[in-house]
Amino acid sequence: MANTALMANAIRALAMDAVQQANSGHPGAPMGMADMAVALWGRHLRHNPVNPHWADRDRFILSNGHGSMLIYSLLHLSGYDLPIDELKNFRQLHSKTPGHPEVGYTPGVETTTGPLGQGITNAVGFALAEKLLAAEFNREGHAIVDHHTYTFLGDGCLMEGISHEAAALAGAWKLGKLVALYDDNGISIDGKVAPWFIDNTPERFKAYGWQVIGPIDGHDVDAVDAAIAKAKAEAVKPTLIVCKTHIGKGSPNRQDTAKAHGEPLGAAEIELTRAALGWTYGPFEIPAEAYADWDAKAQGAEREAEWNARFDAYKTAYPELAGEFLRRMAGELPKGFAQVAVDTIVAAHTKAETVASRKASQLALEAFTAALPELLGGSADLTGSNLTNTKSTPALRFDDVTGAVVLEAPKAAAGGAEDEAKPASDANAAPATHGQIGRHINYGVREFGMAAIMNGIALHGGYIPYGGTFLTFSDYSRNAIRMAALMKQRVIHVFTHDSIGLGEDGPTHQSVEHAASLRLIPNLDVWRPGDTAETAVAWAVALENKNRPSALLLSRQGISYAPKRDVGDISRGAYVLSEPADLGIRKKAQAVILATGSEVPLALKAQELLAKEFKIAVRVVSVPSTTVFDRQTVAYKNDVLPQGLPRVAVEMGSTDGWWKYGVSAVVGLDRYGESAPAGDLFKYFGFTPENVADTVRKVLANR
């Protein structure tokens, strides 16, 4: 039988030693959660250290990511490719053990955690993805998707407001395979949390529809083991296990103090702790028996082999479904997607409709959601405004009793009756062969939660999530957007009502600084398309980008279609839309107007005005994505924006980001808007052809 005390103390020793060697870090949380980890990782977690990407593994998320030495110790001890030298290099440049866990750097780390509250919210996304994939792909006798999502979290995660958003949705969605273990130690950086954290956490989670177990002794491995077993037996409700623990467990002078939270114990205290724990080994020295008790390679290989055998049987019975499952888990688009994208873009160009770009987005989505069953949409209570739903994305619903995904009947042929929607019998039941899951999520007014849940969905695999809200509310979800960019995840944010063009709602809702602000996030593609073709291209590029998120900034007001020779260069972020010759002027351009989104028609009108009234030849460049354009070759950039030609940018927002393009002036907005009809606002703030033309004339006059 495994020596659980030895296993837990191995974690404590590694945490102490690594933090001390780095002279930086958080030893207290790993030391306090060590016994919880023994119960979960030693007795329940289904994983294979040799293959961290096994599709049906359990997922483990350390939401309180400052305790990263817990997961690094677990990965090292259980047999992942994380040698002891990497633990010795904790928090050092280019090590596999950064200060907070980062997906893609360390084998076995499922998500990047650190900003508190987002880990538990990612976990909700993981659990939702598992449940939906099970409903889509499992068949009677063939449960190929059947795993749990486990997360550790602490007081800080629960204090963050996003945890309320996530926990409420987890209860509403009846995520019975989500198990959260709460490290209830009552200590944070500022000391004992009691004066400022008085929530009745168990009652709070019960109110969300969770099963709550405990409080239990988080240092009693058998008690935690039994609690996890009980959690796994609950098929409908997610479970919170409240584990009472001591931060810095084993440290004679630091246990139960804020001193254990975020600084090394110190050499003297580490020696005292070793003695108190009966740990007779030197720094980074782990006895063979501890490694033997922790080693999960053989069991992991057996579990994956068993699943492989089941999947082979599934593949024999359902070859098309098996191929589709593998494709989607690999994140690959269908072979025919490129043609679908071309057809959608060409159709938009041919129809040349005058619509708001939010409507243009929905038109593109009609084609893309029909072609891509992995597209999983949603909106933060603004579906009718964001237009994120399509004919292929019925609302996602769950059976009130069983918690199963409600399956929608397919549309009957013309003149025929439709079957009623039918729920699966349990969380992993085989769906009716005629049914489809709902693919549009009502997130409620939870922008931050929506964004972080989408990150979890993308990280799990099998779906490409997108979600909508107003652009001004991107501030609520900004840190989750940043995390998607940091983690290189294909998550698509649909942000409508992108400017003062939304009108009467006024400055609280009118985006001014948001486009410029989002463009500052590394690895985030920001699109502000100007018509139906540009919007279709933006969607196509966003879907093709496996390693970066995208934000689509869309208008409320209608935008006339901008005539263009072809659509080939739209995907390069900026392109020449109109030359003087297009207006019958036989001379080279004297200036360039750069415009985005709803301001593109404004630029074209200014170009026409300059040509007719002042015989000034102007090139108009549409810039649907500065972030994409910035990645193009110097030659292409110089071709679009020739050296020596004065440039004027036009955008209803902050001017700061445009100066890097060598512009001489920006017709923009460096103040908040006003409440009035859009047309009145455009005149008031100078977004008129006359003002843009006058700005170009002044620039030319000052040369």
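Trainee: Are Arg274 and Asp17 buried or exposed?

Mentor: This is a predicted model, in which local features need pLDDT of at least 70, side-chain atom pairs count only at pLDDT 80 or more, and totals for chains, interfaces and linings use all residues. Residues are numbered from 1 along each chain as its sequence is written, and side-chain values use heavy atoms, with hydrogens and water left out. The term buried means under 20% relative accessible area, exposed over 50%, and partly exposed in between (1.4 Å probe, protein chains only). By this rule, Arg274 and Asp17 are both buried.

Trainee: How many residues apart in sequence are the parts that Arg274 and Asp17 tie together?

Mentor: Their side chains meet in a salt bridge (2.9 Å, N to O), that is, a side-chain nitrogen of Lys or Arg within 4 Å of a carboxyl oxygen of Asp or Glu. Helices (H or I, at least four residues) and strands (E, at least two) are DSSP runs, numbered from the N terminus. Arg274 lies in helix α10 (residues 267–277) and Asp17 in helix α1 (residues 4–22), so the parts tied together are apart in sequence by 257 residues.

Trainee: Which side chain of opposite charge is nearest to Arg139?

Mentor: Arg139 is found in the loop between α5 (118–137) and β2 (149–154). Lys and Arg count as positive and Asp and Glu as negative, while His and the chain ends are not counted. Arg139 is buried yet has no salt bridge, and the nearest side chain of opposite charge, 7.9 Å away, is Glu136.
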